[in-house]
Amino acid sequence: MSPAPHPLTLPLLSGARRALAKAITLVESTRPEHEAQAQSLLSEVLPRAGRSVRIGLTGVPGVGKSTFIEALGVRLADAGHRVAVLAVDPSSARTGGSIMGDKTRMPRLTVHPNAFIRPSPSGGTLGGVARRTRESITLCEAAGFDVILVETVGVGQSETQVAAMTDLFVLLTLPNAGDELQGIKRGIMELADVCVVNKADTNPQAAVRAQTELRTALTLLTPHDAPWRPAALRASALTGEGLDGVWANVEAYRAAVDLRVKRQGQAAQWFDELLREAAWRAFQAGLDPARLHALRAEVTRGERTAVQGVTALLTPDL
């Protein structure tokens, strides 16, 4: 006799937003009993996942990510798409708390019947995403959302991980991109599939210059044999200018790139990451705390180099 399905499975598959919110809360929990329930739920809904377009969005502070996402999301939702926004807020290094204010920044999209917004704390996770963002994407897809927008915490050195869980990576910048480009990490530029100069209405001439500079930079960074040539666009979330062009590029990208193969590579990378985490936890569980403390103290006092300390930890006879 097969076990009964998880109580959230059927309502989630029917598209109930309340069930989706509860499911995401479950997968985000760090309690062992909740992790087991979450994996059971994920295994039951996994066959219904994978039918959306996953878009990651990042940008420099003040670029208007939330405003842009709301304007694009409302446009798509009005056209009949079901839009899910997974917005990641930075966690405080002191308290671990997050403001979680994305819903207040997207008032129109929050109440749209075809939309779902879920803010989550980064919890100190590198990559600009929450610890369980990948699982949350799976749950949103199983609930019938065909457009998943992942808003990251903002441009940073390690934020490129968002590209490892989405189909398309969108980088937002400002009209004065001549200065902004100097502050954007090369790695993020190399991962960008679409660059958008937002707030183009505030300074049209500067926006045109920024677009030209982005096109030049993307041309230099993109391999000649790449199946997709990254686009540099102008848009205004306030007026709606250029938003149709952004979505047209999303559709063109989907036609040019084999997303099935890309997602297979992402799944393999995800497996490797989880394997490293599990191996590290298993290694830590077998360590002698006193030995670890003593070697760390010796390294701190300068009696051993860090390499010597780690080598001694891995070689008990040293």
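**Note on the predicted model**

1. Helix α2, which spans residues 17-28, has 12 residues and reaches 17 Å from its first C-alpha to its last, close to the 16 Å expected at 1.5 Å a residue; the expected span is 1.5 Å times one less than the number of residues. Helices here (H or I, at least four residues) and strands (E, at least two) are DSSP runs, numbered from the N terminus. The buried residues of α2 are A19, L20, A23, I24, L26 and V27, where buried means under 20% relative accessible area, exposed over 50% and partly exposed in between, with a 1.4 Å probe and protein chains only. Seen down the axis of α2, these buried residues fall within an arc of 155°, so they line one face of the helix; the arc is that of the directions from the helix axis to the C-beta atoms. As background, an α-helix has 3.6 residues a turn, so residues three or four places apart point the same way.

2. On the basis of the model: this is a predicted structure, in which local features need pLDDT of at least 70 and side-chain atom pairs count only at pLDDT 80 or more, while totals for chains, interfaces and linings use all residues. Residues are numbered from 1 along each chain as its sequence is written, and side-chain values use heavy atoms, with hydrogens and water left out.

3. On confidence, pLDDT is the predictor's confidence in each residue, from 0 to 100; its mean for the protein is 86, and 84% of the residues reach 70 or more.

4. As for the overall fold, the secondary structure comes to 14 helices and 7 strands, and 46% of the 318 residues count as buried. Among contacts between residues at least 6 apart in sequence, 73% join residues at least 24 apart.

5. Strand β6 (residues 194-197) runs parallel to strand β7 (residues 231-234), joined to it by 4 bridges, and 4 bridges also join β6 to strand β5 (residues 168-173), again in parallel; two strands pair if DSSP finds at least two bridges between them. In β7, the bridge partner of C195 is A232 and that of V197 is R234, whereas L172 stands opposite V196 in β6. Both faces of β6 are covered, with V194 and V196 buried on one side and C195 and V197 buried on the other. Together with helix α10 (residues 204-221), β6 and β7 make a right-handed β-α-β unit, right-handed meaning that, with the strands pointing away from the viewer, the path from the first strand over the helix to the second runs clockwise.

6. A143, in the loop between α7 (133-142) and β4 (147-151), is buried, with a relative accessible area of 2%. Not counting residues up to four places away in sequence, A143 touches L12, G15, L20 and R82. H6 is placed in the segment before α1 (9-13) and counts as buried at 14% relative accessibility; with the same exclusion of residues up to four places away, H6 touches L26, Q37, L41 and E44.

Notes. Contact = heavy atoms within 4.5 Å.
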